[in-house]
Amino acid sequence: MLLILCVCCCLRGHAQACCVADSLAESRYPAGMLADTLVADTCEAVGEVGKKVFHPRQLIFPAVAVTAGAVLSATRWGDKVDNEVRDALRYRHHKIKADDYVQYLPVVSLYGLSLLGAPAKHDYLERTVIAATSYLTLAVLVNGVKYTAKVRRPDSSSRNSFPSGHTAIAFCGAELVRQEYGTWYGVAAYTVATAVGVARVYNDRHWLSDVLAGAGVGVLSARVGYWLFPYTQKLLRVKKGHAASIVPFYDGQGGGMALSYRF
């Protein structure tokens, strides 16, 4: 009977079932170490199930954005659209350099907003674990496709245009902000991310197709960070008093993310 109740607790995710199971364990097995262990494991499993936030609909935007970018990049009609957008948005006199820095603003906001009093869903360390997983996923996806597709940049400087890494970084940070702080903060972060994408086209560094795919990859990477969090949290469990953060950097030629961990 105890086993059945615990299984139901896992499947339905009700914390109350765990408490009932715990009471049953104490009444039938006053000194039942096995029963106590089973109840504890079951309650922990329910907590992990509750943290899993995967829904198929979360794949819609990333799939549409990446597919649209791939179609534009791979078809003759798409090449025409890319060139028309490039001619309409490309700079006439001077490039802007703000996109090299603004791309990191959303992920910086992931920490900064809570310092200003905005309530976040996770503490600093948990946010760092989620963000680290997200940006690791992003790095694998972006670089894997960049150096496989070998799409020429609009300014012909290299053949690693698709997808846009700057846009992916910005949209990943924007989705992390939306997940942590809610819709309105997310709207602001997504506005910044969109501006980064437009700037990449304006600077003649990316095609529209690159930006669309980068946005999709960025959002997907952020959601992967949350989907895997129940597992990464358990794998990277740390003691109280430890702290971690992600520090973006840019040296004038390239940028990235550095993981800082303090014991």
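Reader: At what angle do H9 and H10 pack, and how far apart are their axes?

Author: The model is a predicted one. In it, H9 covers residues 165-181 and H10 covers residues 183-202. The two helices pack at an angle of about 175 degrees, and their axes are 7 Å apart.

Reader: Are H9 and H10 roughly parallel or roughly antiparallel to each other?

Author: The angle between H9 and H10 is about 175 degrees. Angles under 35 degrees count as roughly parallel and those over 145 as roughly antiparallel. H9 and H10 are therefore roughly antiparallel.

Reader: How do the residues of the contact of H9 with H10 divide into nonpolar, polar and charged?

Author: On the H9 side the contact includes Ala170, Phe171, Glu175 and Arg178. On the H10 side, Tyr185, Gly186, Ala193 and Arg200 are among the residues taking part. The residues of this contact divide into ten nonpolar, six polar and three charged.

Reader: What is the orientation of H7 relative to H8?

Author: H7 spans residues 105-115 and H8 spans residues 124-149. Their axes come within 11 Å and cross at roughly 170 degrees. The cut-off for an antiparallel pair is an angle over 145 degrees. That crossing angle therefore makes H7, relative to H8, roughly antiparallel.

Reader: How many residues of the contact of H7 with H8 are charged?

Author: H7 contributes Val107, Leu110, Tyr111, Ser114 and Leu115. From H8 come Tyr124, Arg127, Thr128, Ala131 and Tyr135. Seven residues of the contact are nonpolar and two are polar, while the number of charged ones is one.

Reader: Within what arc do the buried residues of H7 fall, seen down the axis?

Author: The buried residues of H7 are Pro106, Val107, Leu110, Tyr111, Leu113 and Ser114. They line one face of the helix, because seen down its axis they fall within an arc of 160 degrees.

Reader: Which residue just after H7 takes a positive phi?

Author: H7 ends at residue 115. Just after this helix, a phi of about 105 degrees is taken by Gly117.

Reader: Which helices do the buried residues of H4 pack against?

Author: The face of H4 turned away from its buried side carries the exposed residues Ile60, Val64 and Ala74. The buried residues, Gly69 and Leu72 among them, pack against helices H5 and H11.

Reader: Is Phe162 buried or exposed?

Author: Phe162 is found in the loop between H8 and H9. Among the residues Phe162 touches are Ala70, Val145, Ala149 and Ala213. Buried means under 20% relative accessible area. At a relative accessible area of 10%, Phe162 is therefore buried.

Reader: What separation do the C-alpha atoms of Phe162 and Gly69 have?

Author: Gly69 is one of the buried residues of H4, and Phe162 touches it. The two are 93 residues apart along the chain, and their C-alpha atoms are separated by 8.7 Å.

Reader: What kind of peptide bond joins Phe162 and Pro163?

Author: Pro163 has its place in the loop between H8 and H9. Omega between Phe162 and Pro163 is about -5 degrees, and the bond is cis.

Reader: Where is Ser156 placed?

Author: Ser156 is a residue other than glycine, and its phi is a positive value near 60 degrees. Its place is in the loop between H8 and H9.

Reader: Does Asp204 count as buried or exposed?

Author: Asp204 lies in the loop between H10 and H11. It has a positive phi of about 65 degrees although it is not a glycine. The limit for a buried residue is under 20% relative accessible area. At 6% relative accessibility, Asp204 therefore counts as buried.

Reader: How far apart in space are Leu136 and Ala222, C-alpha to C-alpha?

Author: Leu136 is found in H8, and it is exposed, with a relative accessible area of 57%. Leu136 and Ala222 are 86 residues apart in sequence, while the C-alpha to C-alpha distance is 9.9 Å.

Definitions and conventions. Residues are numbered from 1 along each chain as its sequence is written. This is a predicted model: local features need pLDDT of at least 70, side-chain atom pairs count only at pLDDT 80 or more; totals for chains, interfaces and linings use all residues. Side-chain values use heavy atoms; hydrogens and water are left out. Axes are lines fitted to C-alpha atoms, for helices over the stretch in contact, and angles run from 0 to 180 degrees between N-to-C directions. Helices (H or I, at least four residues) and strands (E, at least two) are DSSP runs, numbered from the N terminus. Angles under 35 degrees count as roughly parallel, over 145 as roughly antiparallel, 65 to 115 as roughly perpendicular and the rest as oblique. Contact means heavy atoms within 4.5 Å. Ala, Val, Leu, Ile, Met, Phe, Trp, Tyr, Cys and Pro count as nonpolar, Asp, Glu, Lys and Arg as charged, and the others, Gly among them, as polar. Buried means under 20% relative accessible area, exposed over 50%, partly exposed in between (1.4 Å probe, protein chains only). The arc is that of the directions from the helix axis to the C-beta atoms. Lists of a residue's contacts leave out its neighbours within four places in sequence.
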